[in-house]
Amino acid sequence: MKGLNRTKCRIVRRLFLFFATLSVIPFTVLYLVTSDHLYRFRAYNYGTGTNGSRHQLQYHAVHHPPPAVVHHQQQQQHRKHQQTHDQQLQHKAIKNSTSNQYQIDMDYMKHRMEDRVTRLNDKCNEYRLNEPKQNYKPKAWEYLINREYHLVWCNVFKAASTSWMYNFNLLAGYTPEFLKKTKDVPLQLARQRYPRPSVDALREAINGSISFVIVRHPFERLVSAYKDKIQYALPNSHHHKLGIRIIQKYRKLAKGQPWNTQKYPTFSEFVNYLLDEVRHPHTEIDMHWIPVTYFCTPCFFHYDVIAKFETLEEDQNYLIAEAQLGHMIKPQWRNAGKGAHTNDLVVKLFTELDDEQVRGLYEYYKYDFELFGYSTEEYFSGRGR
């Protein structure tokens, strides 16, 4: 009997353990499902060695954010995608708009140049400046002809001449590095590659090229020349010695002593010198302040582009685009000048002149005013004409 009772007890214990185990399994599964332990368990995998063998159990954490977070991230991704799409459309619109605007600007610039050339031709006919005279004939001396790039330019000093001399030297084959370090005068370098042409050679070159000139308000150009070549003349240079002669001849004395101890000529003294040279010429007028009408004789030659110093940025961009030279040269502004800005100086310096001096300057530069459409109104305001 005792053996039978022991057997029954063992059976009961085993059944109890069996059913107890069965009752625990659902709670264990429920726990794993409702927590992240099941995902952690699934995140284990075997690493693979370089030889393809499975050698180590590696763990890679897997994060499953709550549904609310997932929804928020999806909204962010959608907004980001939409924003990127809108930016692409906007960039494309800006690009097309810029392209159209550039074309419009080119058309506008073309009309601007046509108007300037028409005015030049009309005024040349009106004043009969296209007819050779004894002391007024076509002059090709100052032109530079680039036959490779089909570009012809009359180099007007004090009208962006430094910038475009640099450009023409680049087109002639000089490297920027060489031009930066060389001590040679840019004009002398240019003339080694651009010989001075004859009138017939110039006219022939103009027929197959883009010809241009850069002009400037005559009085502003004169002040710029005075400032650069007289006021800031290099010691012992030609213009420094000229300044000394101007002071000796035109500086007034007070009780036997100079009324002004300034070491360079005043603007009024310089103007007196210039007007005397015009009235009684014994040498050629300096190329830095001679009128463009006599320096380039524009009434005898055709121009495709008349650029103005006052609108130089637009004009030279148009010129470079028309000549298709954007890969060779860029719009530049070299030799900005010394001291106060020229526009400020013009107003100040012209207040030092009397009516006769201003009228004399206008008469000398009259054709430059007329041919290129510049005004003298502000300079005669309050003066008798």
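## Contacts, disulfides and salt bridges in a predicted model

Y143 is in contact (heavy atoms within 4.5 Å) with V152, W153, C154, R191, P197, L202, C296, F301 and Y303, neighbours within four places in sequence being left aside. The model is predicted, so local features need pLDDT of at least 70 and side-chain atom pairs count only at pLDDT 80 or more, while totals for chains, interfaces and linings use all residues. Residues are numbered from 1 along each chain as its sequence is written, and side-chain values use heavy atoms, with hydrogens and water left out.

Y143 lies in strand β3. Helices (H or I, at least four residues) and strands (E, at least two) are DSSP runs, numbered from the N terminus. Y143 counts as buried because its relative accessibility is 1%; buried means under 20% relative accessible area, exposed over 50%, and partly exposed in between, with a 1.4 Å probe and protein chains only. The C-alpha atoms of Y143 and C296 are separated by 7.7 Å, although the two residues are 153 apart along the chain.

**Disulfides**

| Disulfide | Sulfur atoms apart |
|---|---|
| C124 and C299 | 1.9 Å |
| C154 and C296 | 1.9 Å |

The link of C154 and C296 is left-handed, with -90 degrees about the S-S bond. C154 belongs to strand β4 (residues 151–154) and C296 to the loop between α11 and β8, so this pair ties together parts that are 142 residues apart in sequence. Both C154 and C296 are buried.

The link of C124 and C299 is also left-handed, with -80 degrees about the S-S bond. This pair links distant parts of the chain, 175 residues apart: C124 is in helix α3 (residues 67–126), and C299 is in the loop between α11 (292–295) and β8 (305–308). C124 counts as buried at 2% relative accessibility, and C299 counts as buried at 11%. With the bonded cysteines of the protein chain numbered in sequence order, the pairing is 1-4, 2-3.

T297 is found in the loop between α11 and β8. T297 is buried, with a relative accessible area of 1%. Not counting residues up to four places away in sequence, T297 touches Y136, K137, P138, K139 and V292.

Helix α4 (residues 161–171) is mostly covered, with 10 of its 11 residues buried. The buried residues of α4 pack against β3 (143–146), β4, α5 (176–181), α6 (186–193), β5 (210–215) and α12 (312–323). G173 follows α4 and has a positive phi, near 110 degrees.

W164 is one of the buried residues of α4. Not counting residues up to four places away in sequence, W164 touches W153, F212, I214, Q316, L319, I320 and I329. A nonpolar core is a set of buried Ala, Val, Leu, Ile, Met, Phe, Trp, Tyr and Cys residues joined through side-chain atoms within 4.5 Å. The largest such core has 94 residues, and those with the most contacts inside it are W164, F267, W289, F350 and L361.

**Salt bridges**

A salt bridge is a side-chain nitrogen of Lys or Arg within 4 Å of a carboxyl oxygen of Asp or Glu. The structure holds 12 of them. In the one between D228 and K158, the closest N and O atoms are 3.0 Å apart. D228 lies in helix α8 (residues 218–231) and K158 in the loop between β4 and α4, so the pair ties together parts that are 70 residues apart in sequence. D228 and K158 are both buried. D228 also forms a salt bridge with K229, where the closest N and O atoms are 3.9 Å apart. K229 counts as partly exposed at 22% relative accessibility.

R279 and D276 form a salt bridge with their closest N and O atoms 3.1 Å apart. R279 and D276 are separated by about one helical turn, because they are 3 residues apart in helix α10 (residues 267–279).

**Whole chain**

The protein chain has 16 helices and 8 strands. Buried residues make up 38% of its 385 residues. Among contacts between residues at least 6 apart in sequence, 71% join residues at least 24 apart. The accessible surface of the protein chain (Shrake-Rupley method, 1.4 Å probe; for residues, only the protein chains shown count as cover) comes to about 24,700 Å², of which 54% belongs to carbon and sulfur atoms.

Key
Disulfide = S-S within 2.5 Å.
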